[in-house]
Amino acid sequence: MHKYFFKVIIVFLFCILIGTIPPAFAAKREIVLVTYKPLSQPDGKFLSLVYSEVFRRLGRALSYKVYPAKRCELMSNSGKVDGDLSRIHGYGDYHPNLVRVEEGHWDSGFLAVGINPEIKLDGWSSLNGTDYRVVYRRGIKGCEVNLPKYVNASKLDIVSSVNSGFSKVLRNWSDIYVGADMNIVNALKSETFEKAELNIIGVMDKFSAHLYLHKKNRILAPKITKRLKSMKKDGTIAKFRKQAGLKSYFDKQ
């Protein structure tokens, strides 16, 4: 038994010296990343395509895990997983254990949705002094940070999904739903809400979205940036965007 173990170690060290890794070891070079974006949605499909290719070019395999946004936050910040696939540029300001990959994978923003045509918003501060009842999704950092600055706590509500937020607005339990652009665009086009009287009534903010790695993986950040830039230059990102059917409200701006 001991002789076999030592032989395996010797083979492994020899392979490192000559720059190759046996398949049995290479299969273990997996990186586990979480997101609240399911593969059934265009943004989730796009992220899977992009980062599967990024890590393939880095000689690794991507394990794509989907959980509620708040759970993703806890898992990535604690180091239980290797990182979070997509968060806003400033997300790391509130999570010192995470390292941002400086090259973003898309530009997006936060939108407000409602049914009252008289409500028009432009930026977070446009909520200041209003009496609107606002609902947002749990775990969405931009909303968690900015909405309490301008909306009284008694007027704020939190839900677990975009669909729940839209339903509250349609039932007049809330005046406005605020959330991330692509999540809103996907929901508005769904069978559930495509005929509903919901409209985008304001742009609250714009941001770039980035992969965040737990600090234990910080060495990978510049390598991923390099691959993303290369994939943008060679047209791979544009191809994946089309393949996934990724749409943004800001595409037509």
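## Met231 and its neighbours

Leaving aside residues within four places in sequence, Met231 is in contact (heavy atoms within 4.5 Å) with Val50, Glu53, Val54, Arg57, Thr236, Ile237 and Phe240. This is a predicted model, where local features need pLDDT of at least 70 and side-chain atom pairs count only at pLDDT 80 or more, while totals for chains, interfaces and linings use all residues. Residues are numbered from 1 along each chain as its sequence is written, and side-chain values use heavy atoms, with hydrogens and water left out.

Where does Met231 sit? You'll find Met231 in helix H8, residues 221–233. Helices here are DSSP runs of H or I with at least four residues, strands are E runs of at least two, and both are numbered from the N terminus. Met231 has a relative accessibility of 0%, so it counts as buried. The cut-offs go like this: buried is under 20% relative accessible area, exposed is over 50%, and partly exposed is in between, using a 1.4 Å probe and protein chains only. Met231 and Val50 are 181 residues apart along the chain, yet their C-alpha atoms are separated by 8.7 Å.

Helix H3 covers residues 42–57 and helix H9 covers residues 236–244; their axes come within 8 Å and cross at roughly 145°. An axis is a line fitted to C-alpha atoms, for helices over the stretch in contact, and the angle runs from 0 to 180 degrees between N-to-C directions. The crossing of H3 and H9 is right-handed, which means the near helix is turned clockwise from the far one by less than a right angle.

Which residues make the contact between H3 and H9? Sorted by class, that gives seven nonpolar, two polar and four charged residues. Here Ala, Val, Leu, Ile, Met, Phe, Trp, Tyr, Cys and Pro count as nonpolar, Asp, Glu, Lys and Arg as charged, and the others, Gly among them, as polar.

## The nonpolar cores

A nonpolar core is a set of buried Ala, Val, Leu, Ile, Met, Phe, Trp, Tyr and Cys residues joined through side-chain atoms within 4.5 Å. The largest one has 53 residues, and Tyr51 and Ile224 have the most contacts inside it. If you skip neighbours within four places in sequence, Tyr51 is in contact with Leu62, Leu85, His105, Leu211, Ile224 and Leu228. Another core lies apart from that one, with 16 residues including Val113, Val169, Ile184 and Leu198.

Leu170 is in helix H6, residues 162–170. It's partly exposed, with a relative accessible area of 35%. Beyond residues up to four places away in sequence, Leu170 touches Ile115, Phe193, Ala196, Glu197 and Leu198.

Asn172 lies in the loop between H6 and strand E9 (176–180). What is the phi of Asn172? It's near 65°, a positive value in a residue other than glycine. Most residues other than glycine have a negative phi. Asn172 is partly exposed too, with a relative accessible area of 47%.

## Along strand E10

Is His214 buried or exposed? His214, in strand E10 (residues 199–214), is buried at a relative accessible area of 9%. Not counting residues up to four places away in sequence, His214 touches Ser76, Asn77, Ser78, Gly79, Val81, Asp82, Gly83, Asn97 and Leu98.

Val203 is in strand E10 as well, but it counts as partly exposed, at 21% relative accessibility. Val203 and Gly123 are 80 residues apart along the chain, and their C-alpha atoms are separated by 6.0 Å.

## The whole protein

Zooming out, the protein has nine helices and ten strands. Of its 253 residues, 48% are buried. Among contacts with a separation of 6 or more, 76% are between residues 24 or more positions apart.
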